[in-house]
Amino acid sequence: PILTIEDMISATSAPFANSDFNRSIIQRGVDLADLACLPVAAGWYGKIEEKRRVIKVQSFTLKDTINFYMRPIEGLTVLLDLDTQQVIEIFDEGESIPIPKAANTDYRYSRIKKNKQKINLLKPISIEQPNGPSFTIENNHLVKWANWEFHLKPDPRAGVIISRVMFEDPDTGKMRNVMYKGFTSELFVPYMDPSDAWYFKTYMDAGEYGFGLQAMPLDPLNDCPRNAYYMDGVFVAPDGTPYVRSNMICVFERYAGDIGWRHAECPITGLPIREVRPKVTLVVRMAASVANYDYIVDWEFQNDGLIRPKVGLSGILMVKGSPYVNMNEVNQNEYLYGTLLSENIVGVIHDHYVTFHLDMDIDGPSNNSFVKVNLQKEMTSSGESPRRSYLKAVRNVAKTEKDAQIKLKLYDPSEFHVINSNKKSRVGNPVGYKVVPGGTAASLLDHNDPPQKRAAFTNNQIWVTPYNESEQWAAGLFVYQSQGDDTLAVWSDRDRAIENKDIVLWYTLGFHHIPCQEDFPIMPTVSSSFEIKPVNFFESNPILNIPPNSPKDLPICKAAASA
């Protein structure tokens with residue numbers, strides 16, 4: 001099962017009962033009172049892990065800094081039996097590697113504001129809503145905004161679940177189904193260091209730790225703007241006791257000066273036209289702190305029918321201790337498995353993959369199909385045109401699951417549609433939505449590498465499966481110490497029929513991360529997203545009737561004299 005908070009707390013204290021462990025810490029010159037232990041999922045690598053729940057524990061020192069991640073006791077790893085709390089094995093191979101110093105590792109504003117870094121501070125920005133927000137939340141979970149309506153739920157494993165997503169058609173006034181359920185199904189974070197202290201760091205943050213269980217209360221005015229609505233998560237402890245994770249999700253409207261649509265005529269037409277509409281969106285946000293890393297997950301809704309899932313990465317790098325303080329000390333043939341970020345600190349190269357489960361219901365759950373629309377180069381015939389080539393869109397309806405296993409290719413471009421072939425627009429096009437990839441990355445690990453076998457759902461960026469209630473978690477229902485025999489890849493290889501069915505589309509957002517000095521001691525947020533966008537779903541632009549802003553709509557707010 002997923003690790004519980006109690007599992008992790010007990011794992012951090014259990015090594016202290018082992019005299020060999022305590023001796024290793026003292027020999028490194030660390031006071032046991034300054035020790036911080038971090039429980040790390042062990043993955044799956046062989047017989048020693050069979051028939052028992054195990055975890056690995058690594059150590060850091062808190063002396064002179066709150067940022068203990070930057071002071072690793074390198075090479076010291078404990079293999080622990082989670083149930084008996086007994087140490088199975090101790091690996092200690094880093095005695096010669098110094099513990100990095102604490103200097104410049106603290107990131108708290110109260111501790112760093114007096115340092116020498118010169119920053120030209122920005123003046124505060126606050127978005128005001130004179131008439132209040134435009135969204136409502138009924139029965140604590142039903143969100144209504146613009147033409148959108150959906151159910152919002154905190155979840156201990158997925159974090160946020162968006163379900164029963166519907167859009168009111170601007171022409172007919174009818175509520176139309178778009179998506180039955182969407183959520184983060186799994187996260188895979190493999191580090192690229194095969195050494196004894198690092199090879200097992202290949203985390204599954206949802207299935208091993210619980211993505212929602214790691215969600216932290218959001219900080220008003222910093223995580224979310226002034227007029228945000230906050231929702232608590234109510235979860236269950238291992239003994240059945242319910243507990244509240246306060247302010248786990250926020251909902252707010254965003255306006256950043258973006259444009260919904262515009263057109264102006266140039267002077268040669270003689271037409272004095274300038275029509276512009278502002279873009280305001282609705283954002284559902286959560287943030288999870290999975291040990292050192294922080295993930296910000298947004299579901300952003302536009303009033304033109306588009307949905308944009310977005311993932312931001314911040315927090316603290318997982319680093320390794322190093323004997324080097326400068327790159328000029330490193331032998332030309334020696335590979336560090338990362339970047340020297342500061343004296344004796346190497347940020348190890350790693351990937352992040354976030355796989356989304358998107359149960360699409362385009363105008364209803366049945367009769368949905370996946371269509372790959374290839375853009376192909378066509379050559380003109382001799383004398384046909386001054387042009388020699390053009391692009392042609394070729395539609396291919398996926399019959400079975402293997403037809404819908406997609407690896408993205410820059411020089412083989414495609415669009416990826418989910419359509420309802422039984423519903424047609426006024427001019428005869430099947431109604432649908434398309435998944436529009438953004439910046440992403442693909443896993444380069446060998447398919448037989450143990451962590452990649454467990455994370456085979458990252459072998460493709462897109463999969464489509466027939467709906468099955470038991471197939472919601474891309475790495476399988478039980479992920480901790482799994483061997484990869486119950487993954488999305490295994491299900492999809494059954495090659496079941498998916499044409500005119502109730503189908504689920506899976507999309508994986510990926511990041512390659514080669515750390516750099518700007519990531520030290522805490523990372524500026526890096527983000528990527530993809531879009532779920534209407535394609536012939538509406539008869540025309542669904543936001544034609546949105547009015548432009550005028551000065552009377554947006555009064556300038558001034559501070560009261562008593563403020």
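First, the ground rules. This is a predicted model, in which local features need pLDDT of at least 70 and side-chain atom pairs count only at pLDDT 80 or more, while totals for chains, interfaces and linings use all residues. Residues are numbered from 1 along each chain as its sequence is written, and side-chain values use heavy atoms, with hydrogens and water left out.

Let me start with the domains. The bounds come from an automatic or database domain assignment. Domain 1 covers 5-92. Taken over C-alpha atoms, the centres of domain 1 and domain 2 are separated by 36 Å. Between them, 19 residues of domain 1 are in contact with 16 residues of domain 2, contact meaning heavy atoms within 4.5 Å.

UniProt, in an unreviewed entry, places the feature "domain: Copper amine oxidase N3-terminal" at residues 1-100. UniProt positions are in the numbering used here, feature names are shortened, and annotations may be inferred rather than shown by experiment. In the model, the end C-alpha atoms of residues 1-100 lie 35 Å apart, and the span is 18% helix and 30% strand. Helices (H or I, at least four residues) and strands (E, at least two) are DSSP runs numbered from the N terminus.

Next, the sheet at that end of the chain. Four strands make an open antiparallel sheet in the order β1-β2-β3-β4; two strands pair if DSSP finds at least two bridges between them. At the edges are β1 (35-40) and β4 (87-92), each pairing on one side only. On average, neighbouring strands here are turned by 25° against each other, direction ignored. For angles, axes are lines fitted to C-alpha atoms, for helices over the stretch in contact, and values run from 0 to 180 degrees between N-to-C directions. Helix α1 (residues 5-13) packs on this sheet and touches β1, β2 (54-61) and β3, with its direction at about 130° to that of β1. Helix α2 (residues 19-27) lies across β1, β2, β3 and β4 and runs at about 175° to β3. Strand β3 (residues 72-81) pairs with β4 over five bridges, in the antiparallel sense. Thr 77 has Phe 91 in β4 as its bridge partner.

Two residues from this region. Asp 81 is in strand β3. Is Asp 81 buried or exposed? Its relative accessibility is 8%, so Asp 81 counts as buried; the cut-offs are under 20% relative accessible area for buried, over 50% for exposed, and partly exposed in between, with a 1.4 Å probe and protein chains only. A polar atom of the Asp 81 side chain lies 2.9 Å from the backbone nitrogen of Asp 83. Leaving out residues up to four places away in sequence, Asp 81 touches Arg 52, Arg 53, Gln 86 and Ile 88. Leu 62 sits in the loop between β2 and β3 and is partly exposed, at 33% relative accessible area.

Now to Tyr 293. An unreviewed UniProt entry lists Tyr 293 for "modified residue: 2',4',5'-topaquinone". Tyr 293 lies in strand β16 (residues 293-302). With 2% relative accessibility, it counts as buried. Its contacts, beyond four places in sequence, include Tyr 191, Leu 317, His 350, His 352 and Met 523.

Which residue has a side chain joined to that of Tyr 293 by a polar contact of 3.0 Å? His 513 does. A polar contact is a pair of N or O atoms within 3.5 Å; within protein, one must be able to donate a hydrogen and the other to accept it, and residues adjacent in sequence count only if both atoms are side-chain atoms. His 513 belongs to strand β27 (residues 503-513) and is buried, at 11% relative accessibility. Among the other residues that His 513 touches are Ile 349, Asp 351 and Asp 519.

Last, a second sheet. Three strands form an open antiparallel sheet, ordered β18-β20-β19. β18 (319-321) and β19 (338-342) are at the edges with a single partner strand each, so one side of each has no neighbour in the sheet. The twist from one strand to the next averages 40°. β19 pairs with strand β20 (residues 345-348) over four antiparallel bridges, and Gly 338 has Val 348 as its bridge partner in β20.
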